[in-house]
Amino acid sequence: MQTHSATDLLEIIKQQLCEQTNRPKYELLIRPLAAVSYEDDVLVISAANDMNRKWVLEQFGEIIIELTELITGRRASLEVVSGREGGIESPSSFSGMQHTDNGIEIPSAGTEQDEVVHRAQTTKPLLNPHYTFNEFVVGANNQFCYNACWQVAQRPGQSYNPMFLYGGVGLGKTHLMHAIGHEVWSSRRADNVVYVTSEKFTNDFIEHVRTGQRMSEFHRRYRQADVLLIDDIQFLSGKSETQSEFFHTFMELVEAGKQIIISSDRPPRTLKGMEERLISRFGMGLVADIADPSLETRVAILRQKARQEKVNLPDEVCYFIADRVTSNIRELEGALTRLLAFSDFSSSPPTIEFAARVLADILDTSGIRREVSMRQIINAVCEYFNISDSLLLSSNRSKRVALARMIAMYFAREFTNLTLSQIGSELGNRDHSTVSHGASKITAEIVEDPYIEQAISQISRMLK
Ligand code: ADP
Ligand code: MG
């Protein structure tokens, strides 16, 4: 059985050759190479044109075979074809060429080269193999987001564009993005799937600017995506040049009907230090959130994970953990992993007593609510609503500021032992009845108003 795809193989070979070859030669001959097939130990690649084909064979034939054998551990042979006869599998790029050629008889060398380069980029995206739709447990908290992601993966570029998903840490945003990537890639609905964190996007951009590399290189990486998945967009806050670069990437892709999926830890409007034109575009398609998972969902996730690990986890242990890790699925999994590892090492069955012992320092088994200071509450609320604390404490009565203030009252009631009057004086000299009224208004509206619910759960998380 062949375990290497032609594309993966060629990618590794190119990396090796890149280090061994001078730059102009690499750019001219190696980079444009595209993988055609790797079957029965024969690697078939295509060069941009016939001339290049000869040069590649003469100058690199031996070493490519050597590298192939090194990588696969098998004897190998090599065939190099030229772009035209390459049997390159991408129908989309060929039809693209017909369009550009409209009325022009001879395709320019540039067009041909670009096409091969484009194809060469079509490597399997780097995605976590476990982050699939299949392994995602659907609950009331994520059902809507899950459905939307599934839709997008079925018809990339045609349903919701962009798709913006947000939610707190460890709730499955990255998992869903990878799931979309797997789905569009394996169904071949997209050839070029690019997953990138906005941090990596930023670093890539800075690196290209700093080293004076051609921006065309950077553009090729991102602007030729059929599906661009950009994770944790909040990282772009305050980075105006990268934002501007991302804006142009965004516009180019959307205009070409390519799919963009963005994740964030908060909704578009509450992103700080983000250009208005970006925020407004983020909301143009579909915005979907993942809320905190219910107890049932948390239990279902633990059960699935236990099944995957092929261990029999008693229900009462599932509930014991799920009761205590409430808002972060990564931590939920972490607790289970630790329990299973300890149970394995010590050959003890994972009972409740055993779980309580090995998880004591990560689970909140004390039942004591942690005290939070008024200062921390004010900071978190201001950060979430993107307002200054002097505005929060002022007499400004705009809707947003008034809401932020009431939410601060709510948290002060819930998480501190301050009296109503003390809270009032901390919040810009308001009297006790204002505080009491504000806090109960929020308590009543949490269940009704998803916007408030989201704010509360985000701010709680910030306070933890
Ligand atoms: P985020 O990107 O929102 O911080 P991740 O996608 O990294 O969160 O999820 C954290 C961990 O929890 C991952 O291992 C992921 O597989 C798992 N996870 C999150 N939500 C679910 C779910 N609904 N079903 C199964 N696993 C989940
Ligand atoms: Mg993530």
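Predicted model: local features only at pLDDT ≥ 70, side-chain atom pairs only at ≥ 80, totals over all residues.
Me: OK, what share of the chain is buried?

Reply: Of its 464 residues, 48% are buried. Buried means under 20% relative accessible area, exposed means over 50%, and partly exposed is in between (1.4 Å probe, protein chains only).

Me: Which residues touch the most others in the largest nonpolar core?

Reply: Met163, Ile261, Ile321 and Leu339 do, in a core of 47 residues. At least three residues come from each of domain 2 (116–290) and domain 3 (310–363); those bounds come from an automatic or database domain assignment. A nonpolar core, by the way, is a set of buried Ala, Val, Leu, Ile, Met, Phe, Trp, Tyr and Cys residues joined through side-chain atoms within 4.5 Å. There's also a second, separate core of 31 residues, with Ala380, Tyr384, Met409 and Ile452 among them.

Me: And what is Ile261 in contact with?

Reply: Skipping neighbours within four places in sequence, the contacts of Ile261 include Val152, Met163, Leu165 and Met177. Contact means heavy atoms within 4.5 Å.

Me: New topic: H12. How many residues does H12 have, and how far does it reach?

Reply: H12 (residues 295–308) has 14 residues and reaches 20 Å from its first C-alpha to its last, close to the 20 Å expected at 1.5 Å a residue. The expected span is 1.5 Å times one less than the number of residues.

Me: Which of its residues are buried, and what covers them?

Reply: The buried residues of H12 include Thr297, Val299, Ile301 and Leu302. The cover includes helix H13 (315–324) and helix H14 (329–345). Just after H12, Lys310 takes a positive phi of about 60°.

Me: What about ligand 1, how many residues surround it?

Reply: 17 do, and the closest are Val137, Gly170, Lys173, Thr174 and His175. Near here means that a heavy atom of the residue lies within 4 Å. An oxygen atom of ligand 1 sits 2.7 Å from a polar backbone atom of Gly170. A polar side-chain atom of Arg330 is 2.8 Å from an oxygen atom of ligand 1.

Me: Is Thr242 buried or exposed?

Reply: Thr242, found in helix H10 (residues 240–255), is buried, at a relative accessible area of 4%.

Me: Last one: where is Gly285?

Reply: Gly285 is in the loop between helix H11 (276–282) and strand S8 (286–290). Gly285 is partly exposed, with a relative accessible area of 29%.

Methods
Residues numbered from 1 in each chain as written. Chains lettered and ligands numbered in written order. Heavy atoms only, no water. Helix = DSSP H or I, 4+ residues; strand = E, 2+ residues; numbered from the N terminus. Polar contact = N/O pair within 3.5 Å; in protein donor to acceptor, adjacent residues only side chain to side chain.
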